[in-house]
Amino acid sequence: MNRAFTLFVSTILATGAWAQNTHNGHEYVDLGLTSGTMWATCNVGADAPEKAGFFYAWGETETKENYNWSTYKWCKGSDHTQTKYVPQSYSSYGYESFYDDKVTLEKADDVASQTWGGSWVVPTFAQQEELRDECYWVWTNTYNRVSVNGYIVYKAKKVSDKGEKVTSISTPSPDYDVATDAHIFLPAAGYRLDTNLDRVGNQGLYWSCLLSASNSSRACRFDFGSGHVAWGSDGLRYLGFPIRPVYDGPDTTPTAIESINTDNAGKVTKTIENGQIIIIRNNKKYDLSGREL
């Protein structure tokens with residue numbers, strides 16, 4: 001076993017500044033979450049973290065001018081005429097008592113998957129809860145030298161910081177530095193209702209991929225403002241919210257790396273092809289399980 005080769009490959013997989021990792025062309029940050037979930041640095045449709053990007057109704061993959069039941073893709077004009085994502089227990093909300101027992105977005109209706117490709121998806125409710133519970137949140141009115149309200153969500157350095165919400169950028173722990181520490185920024189981008197854009201700068205609302213348990217006219221979201229970060233809330237499916245994608249991250253298990261034959265190891269490089277991490281050695285390609293491609 002060539003230990004130097006193993007360490008070199010491991011270094012390759014970990015190389016890069018905290019905000020310079022990419023998957024299928026989009027940057028993500030490793031916040032050290034228990035699940036291994038990687039959070040994107042930008043919203044869908046945004047080219048910088050502080051920008052709102054596009055707004056989408058739940059389960060839709062196109063933007064539009066008007067957000068209400070009459071324009072919502074998965075109904076026939078009202079909350080009680082739904083045509084997809086209707087549990088049997090809420091069949092009264094289905095068109096002509098329709099139900100399909102679907103409660104999680106299918107890939108075809110997942111805007112992150114459809115627009116970014118690779119393994120990007122709209123986060124689950126559990127992933128949103130994990131972000132709240134395992135990170136350190138600081139409210140700010142400036143990010144990247146731009147006047148914008150929102151939360152800086154840091155990778156927590158101490159167990160006592162997990163789930164901690166700080167209401168002002170002037171009072172965060174001195175242990176955190178936005179210039180050097182792993183974080184994402186979530187702008188308080190507001191939401192779209194009918195043709196209006198409301199609550200910009202005051203409220204952040206982001207869809208999950210899960211239907212609400214309260215009734216099928218709603219879906220789970222997270223909701224934040226200065227001083228509060230709330231999960232377990234939901235919103236009417238026709239409302240337009242931003243989307244912050246996630247992906248599960250690469251498999252960097254040491255045993256998978258070490259399974260590559262390292263005899264006479266030559267130069268090793270890493271690349272990404274079709275959203276998959278590929279290791280190249282001696283002009284041969286391997287996946288992260290050590291299997292030659």
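With which residue does Glu129 form a salt bridge, and how far apart are the closest N and O atoms? The partner is Arg132, and the closest N and O atoms lie 3.9 Å apart. A salt bridge here is a side-chain nitrogen of Lys or Arg within 4 Å of a carboxyl oxygen of Asp or Glu.

Before continuing, please note that this is a predicted model, in which local features need pLDDT of at least 70, side-chain atom pairs count only at pLDDT 80 or more, and totals for chains, interfaces and linings use all residues. Residues are numbered from 1 along each chain as its sequence is written, and side-chain values use heavy atoms, with hydrogens and water left out.

**First selection: Glu129 and Arg132**

Both residues belong to helix α3 (residues 125-134), where a spacing of three residues separates them by about one helical turn. Helices (H or I, at least four residues) and strands (E, at least two) are DSSP runs, numbered from the N terminus. Glu129 is partly exposed, at 26% relative accessible area, whereas Arg132 is buried, at 18%. Buried means under 20% relative accessible area, exposed over 50%, and partly exposed in between, computed with a 1.4 Å probe on protein chains only.

Select Lys157 next, together with its salt-bridge partner Asp181; their closest N and O atoms are 3.0 Å apart. Lys157 lies in the loop between β5 (146-155) and β6 (165-166), and Asp181 in the loop between β6 and β7 (183-187), so the pair ties together parts that are 24 residues apart in sequence. Lys157 is partly exposed, with 46% relative accessibility, while Asp181 is buried, with 13%.

Move to strand β10 (residues 204-211), which contains Ser208. Is Ser208 buried or exposed? Ser208 is buried, with a relative accessible area of 0%. Its side chain reaches the backbone nitrogen of Leu210 at 3.1 Å. Leaving aside neighbours within four places in sequence, the residues in contact with Ser208 (heavy atoms within 4.5 Å) include Trp58, Leu105, Phe125 and Gln128.

Technical notes:
Polar contact = N/O pair within 3.5 Å; in protein donor to acceptor, adjacent residues only side chain to side chain.
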